[in-house]
Amino acid sequence: MGMRKGSPFFVVLLGFGFFIATYNLVTMVIHNRNWNFPTQLVDRSTVALRSDPVVGMPNEFKKSGGPRRLFHVALTATDAPYGKWQCRIMYYWYKKMKDLEGSEMGGFTRVLHSGNPDNLMDEIPTFVVDPLPAGMDRGYIVLNRPWAFVQWLEKAKIEEDYILMGEPDHIFVNPLPNLSRGDYPAAFPFFYIKPSDNEKIIRKFYPEEKGPVTNVDPIGNSPVIIKKSQLQKIAPTWMNVSLKMKEDPETDKSFGWVLEMYAYAVASALHGVQHILHKDFMIQPPWDLKVGNSFIIHYTYGCDYSLKGELTYGKIGEWRFDKRSHLQGPPPRNLSLPPPGVPESVVRLVKMVNEATANIPGWDQAR
C-alpha cells in the first residue's frame with residue numbers, strides 16, 4: 001500500500017518530539033547527540049555476494065587479518081533471581097572462553113537496570129543504570145534494554161572499540177572472534193523477524209524516503225557485534241522507536257514480545273547500518289541439533305523429551321530442561337543428563353550448565 005512521503009525531518013521529530021513528551025527523559029539522553037545522520041553509511045550495492053552465511057560481505061572485508069579487534073561483552077539484566085543465575089552462568093563461560101585462541105573478547109559488563117546495586121556486584125562486573133519511569137514499559141520489561149544501553153554508553157568508560165550485545169541466557173560454547181567487518185556489524189538472523197511481511201507496520205517508523213523495507217534486517221539487538229561509535233548513534237533511536245511501537249496498538253499487537261527486536265532492526269536501518277548475518281553466530285536448542293562451529297548456545301526454548309529421546313515440545317517431557325522452571329531461584333547442581341537419543345546440542349547445554357554450577361562459589365545459596 002502506498003503512503004504519503006515522510007518529512008525529511010522524520011528521525012529528528014521521532015527523537016526530539018517523543019522524548020519531550022515522556023518524563024523529560026530527553027535531557028539525559030540526547031543533549032550531545034547529532035540526529036542528522038545520513039540515509040546510508042554504506043553502499044548496499046557492494047554486498048551482493050552471498051558466499052558467506054546468509055548475507056555476504058564485500059570482498060575487501062572477507063579476511064579480518066591485522067591486530068586483534070577486541071569487543072566488550074555487555075548484557076542488560078534485572079535484579080530478579082531468574083536473571084541472576086543466568087548471568088552467573090554466562091559470566092563463568094565468558095571467563096573460560098575469553099583468553100582461548102581465536103577469541104577477541106575484551107571486558108564484560110552486566111548493565112543492571114534496577115537502579116540499585118545488588119548482591120552480585122563483587123562477582124560480576126556491573127554498571128547500575130536507572131529503569132524507565134514507572135509505567136512507561138507498560139508491563140513489557142524488555143523496553144528497559146535500549147534505555148539501559150543509552151545510559152551505559154553515555155556514562156561508562158568503555159575501552160574497546162566494539163561491543164557485543166548479549167543476553168543472560170547465552171552460553172559461550174566456542175571462542176568468539178570479532179565477526180564484524182568495517183562498518184558492517186555482525187548479527188544473527190531470526191526466522192521470526194520478517195520486516196518484508198510486515199511492511200505496513202514497518203512503514204510507520206521507516207518511511208519510504210529512507211528506502212525499501214528490505215533495508216531492515218531480520219534481526220534483534222542480540223547477539224550483535226557492532227562498533228561502539230555506531231551503537232552510540234543507534235541506541236537513542238532504538239529506544240525511541242521501541243517506545244513508539246509500544247504506544248501504537250496495531251504494532252504492539254502484531255509484534256508482541258519481539259517488538260523491541262524489530263525496533264533495533266528499524267533503528268539500525270534509519271541510520272543506514274546493514275548487518276552481516278551469521279547463521280552460526282548461535283544455536284537454539286532443541287531446534288538446532290549440533291553445536292558445530294557456532295559460538296553461543298541460546299537456551300530460550302524449553303527442551304522436553306521422552307525417556308526414548310523423542311522431542312515432546314509443547315508437552316512437559318519425562319526429561320526436561322527449561323529455564324522457566326527456575327523463576328524463583330537457580331537450578332540445582334548436577335542436573336540429570338538427557339536420555340540417549342537427545343541431540344548433542346541439548347546434552348552440551350546441560351553439561352555446560354552443570355560445570356558452571358559446580359564451580360561457581362555459593363551456587364546453592366540464595367541470591
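Q: Which element provides the largest share of the lining of the largest pocket?
A: A quick word first: this is a predicted model, in which local features need pLDDT of at least 70 and side-chain atom pairs count only at pLDDT 80 or more, while totals for chains, interfaces and linings use all residues. Residues are numbered from 1 along each chain as its sequence is written, and side-chain values use heavy atoms, with hydrogens and water left out. Helices (H or I, at least four residues) and strands (E, at least two) are DSSP runs, numbered from the N terminus. With three residues, the largest share of that lining comes from H3.

Q: How much space lies in the largest pocket?
A: On a 1 Å grid over the protein atoms alone, a pocket is an open set of points with protein on both sides within 12 Å along at least five of seven lines, whereas a cavity is a set where a 1.4 Å probe fits but cannot get out. Grid points are joined across faces, edges and corners, and the volume is the space filled by probe spheres set on the points. For the largest pocket, that space comes to about 770 Å³.

Q: Which residues lie nearest the centre of the largest pocket, and which elements give two or more residues to its lining?
A: A residue belongs to the lining if it has an atom within 4 Å of a point. The largest pocket has 28 of them, and Val142, Arg145, Glu167, Asp169 and Lys323 lie nearest its centre. The elements that give two or more residues to this lining are strand S1 (71-77), helix H3 (81-98) and helix H8 (259-270).

Q: How many residues in the lining of the largest pocket are charged?
A: Here Ala, Val, Leu, Ile, Met, Phe, Trp, Tyr, Cys and Pro count as nonpolar, Asp, Glu, Lys and Arg as charged, and the others, Gly among them, as polar. The lining has 12 nonpolar and 10 polar residues, and the number of charged ones is six.

Q: What is the angle at which H4 and H6 pack?
A: Two packed helices are described by the angle between their axes and the distance between the axes. The axes are lines fitted to C-alpha atoms, for helices over the stretch in contact, and angles run from 0 to 180 degrees between N-to-C directions. Helix H4 (residues 144-155) and helix H6 (residues 228-247) have axes 8 Å apart and pack at an angle of about 145°.

Q: Is the crossing of H4 and H6 left-handed or right-handed?
A: A crossing is left-handed if the near helix is turned anticlockwise from the far one by less than a right angle, and right-handed if clockwise. For H4 and H6, the crossing is left-handed.

Q: How many residues of the contact of H4 with H6 are nonpolar?
A: Contact means heavy atoms within 4.5 Å. From H4, Arg145, Pro146, Trp147, Phe149, Val150 and Leu153 meet Lys228, Leu231, Gln232, Ala235, Pro236, Trp238, Met239 and Ser242 in H6. Two of these residues are polar and two are charged, while the nonpolar ones number 10.

Q: Is Ala235 buried or exposed?
A: Ala235 lies in helix H6 and, leaving aside neighbours within four places in sequence, is in contact with Val150 and Leu153. Buried means under 20% relative accessible area, exposed over 50%, and partly exposed in between (1.4 Å probe, protein chains only). Because its relative accessibility is 0%, Ala235 counts as buried.

Q: Which residues does Asn144 touch, not counting residues up to four places away in sequence?
A: Asn144 is found in helix H4. Asn144 counts as buried because its relative accessibility is 4%. The residues that Asn144 touches are His113, Pro131, Leu132 and Asp137.

Q: Where is Asn334, and is Asn334 buried or exposed?
A: Phi of Asn334 is near 60°, a positive value in a residue other than glycine. Asn334 sits in the loop between strand S12 (319-321) and helix H9 (344-359). At 66% relative accessibility, Asn334 counts as exposed.

Q: What is omega for the cis peptide bond that joins Ser222 and Pro223?
A: Pro223 is found in the loop between helix H5 (199-202) and strand S7 (224-227). For the cis bond from Ser222 to Pro223, omega is about -5°.
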